[in-house]
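Hello,

Here is the structure I promised to pass on to you. Have a look at it first, and then read my notes below.

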Amino acid sequence: MVAFIGAVICIIAAVHSGSPAAPPLTQNRSSSPVPFSPGSVARAGALDALHATEAPGGPEAPTFYGLTGGVGGAGSEQRVIYSRLLCTPVPPGQCEPKAVQADQQQEDEDGEWGSLRAAAEELRHTAQRQQEEIRADRRTIRELTGKLAECEGTGGVVQEERERGMMGDEGRAGAVEELERAILHMKERIERLESEMAPLAHNHTETGQKSAGRVQSGTKGQGTVVQRKVEDLEGELKRKMKMLEEERKALRKETQKHQEHIDQGLDAVHQRISSLEQAGLSENKFPEGYRLSFPMRSSSMYAVVKHSIPALHALTLCMWLRPAQSILGTTVSYSVPEQSHELVLQQLVHGPIEFIINNEVAQFTLNLTVGMWQHVCVSWNRRAGVWHAYLGGKLKGEGKDLATRHSIRPGGTLVLGQEQSSMGGLRFVASRAWIGDLSQFNIWDRLLTHAELNALAHCSTGMLGNVVPWNSREMEVFGGVTKQPAEHCSHHASIRQ
């Protein structure tokens, strides 16, 4: 009915001009009906008022006017009450539902958990790679010890070294396995925390602003605590990985040392076998005597006299030599802990031969012939330091004041063919080595007479030294030095025939 009356009034207002309009309603809802005089008409307000057009004073609300009039000639008043429509502007983006915001937050937290899981997986792969490397090192140790087992029959010392090395490796292997178990335990704890966080991650779909806020704040609190725990576990895992890496480096160093010991033991065993093969088990192999052959000037070729040397106040040293070059090198080197040059006979350059006692030097010239057997002797006495040198039983040099009142000290190492830089030192200089053949090396603790020296030089006696005798059992060779049948007296035998 009200709509019908409004339509009629609008038609009348469009056709006729009327009296001034009644004052507009000042409130959103009129407090009392306003009577209109007969014949009054309603005047519409501005058209843009319905659209809440903004004006300098603020948004203008749409305005409506009340009216009365007679209907059907009854003369009664019609009361009409209108309401004002209000529109409030809302900024873009605030109308999104809370569920969308919760989903976005859930995606962010899923991304963080994904990065944490990726870090844990990377650490696990690193631990597996290091475990494989450690297993490879163990296999290498087993291979080396297997090679060493082949020589157990003649290398008892090497077997003991191998057992001690394997016991050390087992202890370190146990420490490595314990670190691996700790790493796996921490990985399980991380996975368990992830599984506990999974139900909490799906509680963000509740509707309502208050409940969503409570779930969000609770999840953030729990997520912070769990993330802190994960960070602590990661720190502990990194420390364990660092300890594992240090243990692995120590194991590698110990493996290298163990391998060096094994190599040294194998070298000693091979040299011992070689010396036994070359020397034979009895003197019957060389019924006419033997000679030592040094085929080349090398730092690895030498012979060791195993006979112990007592204290000497005087001595005579004799031997047969067949040099391969004009420079002899070092034929004899006796070293004690206090002095590396206690007794030395050598020629290092073209010129005289050096006879050294207690690092004091006497020089003489012999003019040896290359490729020929020649008999050489030297003698010394601590009284006045008198010394003599003989070639073929004839005196070639003499002197005095050589290590006067000194006595040759006992307990040293006697080496043929190399110069010792320290007692028992096995690192020699190739340029100082002897090259050629050597036989009948003997030492006496007295001065031989001229008749005895002449008999030795002409192979008319087989007298052996009472300090160092020439026999195969007392001589051990290394580095390619060979024992061959003696031939130094063959030309004297042919002359006598």
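Strand E4 (residues 302-305) and strand E13 (residues 413-416) pair in the antiparallel sense over three bridges. Here a strand is a DSSP run of E with at least two residues, numbered from the N terminus, and two strands pair if DSSP finds at least two bridges between them. Valine 304 stands opposite valine 415 in E13.

This is a predicted model, where local features need pLDDT of at least 70, side-chain atom pairs count only at pLDDT 80 or more, and totals for chains, interfaces and linings use all residues. Residues are numbered from 1 along each chain as its sequence is written, and side-chain values use heavy atoms, without hydrogens and water.

E13 is also joined to strand E6 (residues 329-336), by four antiparallel bridges; there, leucine 414 in E13 is the bridge partner of tyrosine 334. Which residues cover the two faces of E13? Thr413 and Val415 lie on one side, Leu414 and Leu416 on the other, and all are buried (under 20% relative accessible area, with a 1.4 Å probe and protein chains only).

These strands belong to an open, antiparallel sheet of seven, in the order E9-E8-E7-E6-E13-E4-E15. Strands E9 (360-364) and E15 (475-478) are at the edges with a single partner strand each, so one side of each has no neighbour in the sheet.

Happy exploring!

Note on methods
Buried means under 20% relative accessible area, exposed over 50%, partly exposed in between (1.4 Å probe, protein chains only).
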